[in-house]
Amino acid sequence: MADLNKQRIVESVPQRGFFGHPQGLFTLFFTEFWERFSYYGMKAILVYYMYYELSQGGLGMDESTALAIMSIYGSLVYMSGIIGGWLADRVFGASKAVFYGGILIMLGHITLAVPGSVALFFVSMVLIVLGTGLLKPNVSSIVGELYSEQDARRDAGFSIFYMGINLGGFLAPLIIGTLGMDYNFHLGFSLAAIGMFVGLILFIGTKKNNLGLAGTIVASPLSPAERKKMSLWLGIAAVLLTVIVVITIPLGLLTFKSFVVLVGILGILIPTLYFIVMFRSSRTTSVERSRLLAYIPLFIAAIMFWAIQEQGSTILASYADKRTQLYFAGLHISPAWFQSLNPLFVITLAPLFAWMWVKLGKRQPSIPKKFALGLLFAGLSFLVILLPAYFGGEDALVNPLWLVLSYFVVVLGELCLSPVGLSATTKLAPSAFSAQTMSLWFLSNAAAQAINAQIVRFYSPSTEMVYFGVIGGAAILLSMLLYAFSPKIQGYMKGIQ
């Protein structure tokens, strides 16, 4: 039944029209563009909003606390993808999940745009976390539904889609970052809300003609009895959570530090349980179980990669603000602008990588080898950024070109790993867990940022070289191990290339 549904979906989608790809890629490309514009624009100024003084329009938090909150927030954003993937697979389909998620994200940015207290800040975070969990994994899952498993355009399609993500990510820090840093943080957050609104309008207006059945079919719908059971358990969970919070906060048991530790545990525990549930499910075939085993080392490699890449909005954001020469070649550089470097390099290089994979055809590196290359470049990017402290000391301001080089090197790794990981996830996913497996892919990022929340406190100018050196060296070592075992991993993929 699942295979028949996949065939119907592919047949219902206009198969040409957007750079030689299905017309639905246009809808998903620009929906994700505007969602990422709003998200990355907000993210470019959020850490500064938290630790800048009240007189500067910020919340006046301690910097180490702000960096940890950024990591926890990023972890929860991707962790909430579990909920979004499950609701899409079992309740209302991926298309509705994207729509509902966009609404919540927009409301979150509107809440941030209202000048207020720390309480309003955390309300906005909850809205954005839940909204991104609904939208992010499901819009990527719909991209996978546009292609059959044998379609050679699949990896290139994901690379084009990934370029849309990064086009929004490139423009947002320049526009929202400038508005937020030079004028008012809340004006920047308002523009982020407008961006998400535009994305929603575009999705609603074009999905009927462009997407066909993609995103509308519920892979494994709940029976009426299961729906009643789900409602009961949700009610019990809500009551228990409320009781726990009410009791533990006054007693001093639930503090920010204990919450950071809890999220760190959940970041590892939840994906582990996810793998176990899918592997043991009666709806998973023996071939799909083998593919899940192959997915595990890829998942671990992705955690290591994202642990480095995501520090661009925490450790490297602080580095840009406090350790970098912001007057360069007669130009004042906003620290928020550095957040545009990663997507700028992706936009520039993604077409080259997409062309390269298609040109190489069957001669291209296997999926595990691409992951190994991604990890290698990630590790090298951290070795690059430790060099200024080695040559100039921990007190001297750093030439901004060092940051530019570090971002460039990690992007080489990102293009080897991230779009390939999205595509590999849709290929290796059990049919009954298609959207949920995409949520699992994003849990690699959640786990990485949960780990980052524990380790960012070890960073300071005096520990800079050790910090970057240990993390970068670990990534390079893991890349070598993954490359060595790549033939074995490929064998477990059972024909997936």
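**Reading the core and the aromatic pairs**

Author: In this predicted model, the largest nonpolar core holds 144 residues, and Leu46, Phe121, Phe371, Trp441 and Phe468 touch the most other members. Helix H2 gives the most to this core, with 14 residues.

Reader: Which residues is Trp441 in contact with, leaving aside its neighbours within four places in sequence?

Author: The contacts of Trp441 include Tyr295, Phe299, Ala302, Trp306, Phe371 and Leu417.

Reader: How is a pair of aromatic rings described?

Author: By the distance of the centres and the angle of the planes. The count here comes to 27 aromatic pairs. In one of them, Phe275 and Phe299 have ring centres 5.4 Å apart and planes at 85°, so this pair is edge-to-face. Phe275 lies in helix H9 and Phe299 in helix H10, 24 residues apart, and the pair links distant parts of the chain. Both Phe275 and Phe299 are buried.

Reader: Why is the pair of Tyr459 and Phe468 tilted?

Author: Planes over 60 degrees apart count as edge-to-face and those under 30 as stacked. The planes of Tyr459 and Phe468 stand at 55°, with centres 5.8 Å apart, so the pair is tilted.

Reader: Which residues form the nonpolar patch on the surface?

Author: Leu232, Trp233, Ile236, Leu240 and Ile244, with about 520 Å² of accessible area together. Ile236 lies in helix H8 and is partly exposed, at a relative accessible area of 34%.

Methods: Residues numbered from 1 in each chain as written. Predicted model: local features only at pLDDT ≥ 70, side-chain atom pairs only at ≥ 80, totals over all residues. Heavy atoms only, no water. Patch = residues over 30% accessible without salt bridge, like charges linked within 9 Å, V, L, I, M, F, W, Y side chains within 5 Å. Areas by Shrake-Rupley, 256 points an atom, 1.4 Å probe, with all protein chains shown as cover. Salt bridge = Lys/Arg side-chain N within 4 Å of Asp/Glu carboxyl O. Helix = DSSP H or I, 4+ residues; strand = E, 2+ residues; numbered from the N terminus. Buried < 20%, exposed > 50% of the residue type's maximum accessible area, 1.4 Å probe, protein only. Core = buried A, V, L, I, M, F, W, Y, C linked by side-chain atoms within 4.5 Å. Contact = heavy atoms within 4.5 Å. Phe/Tyr/Trp six-rings, centres within 6.5 Å; stacked < 30°, edge-to-face > 60°.
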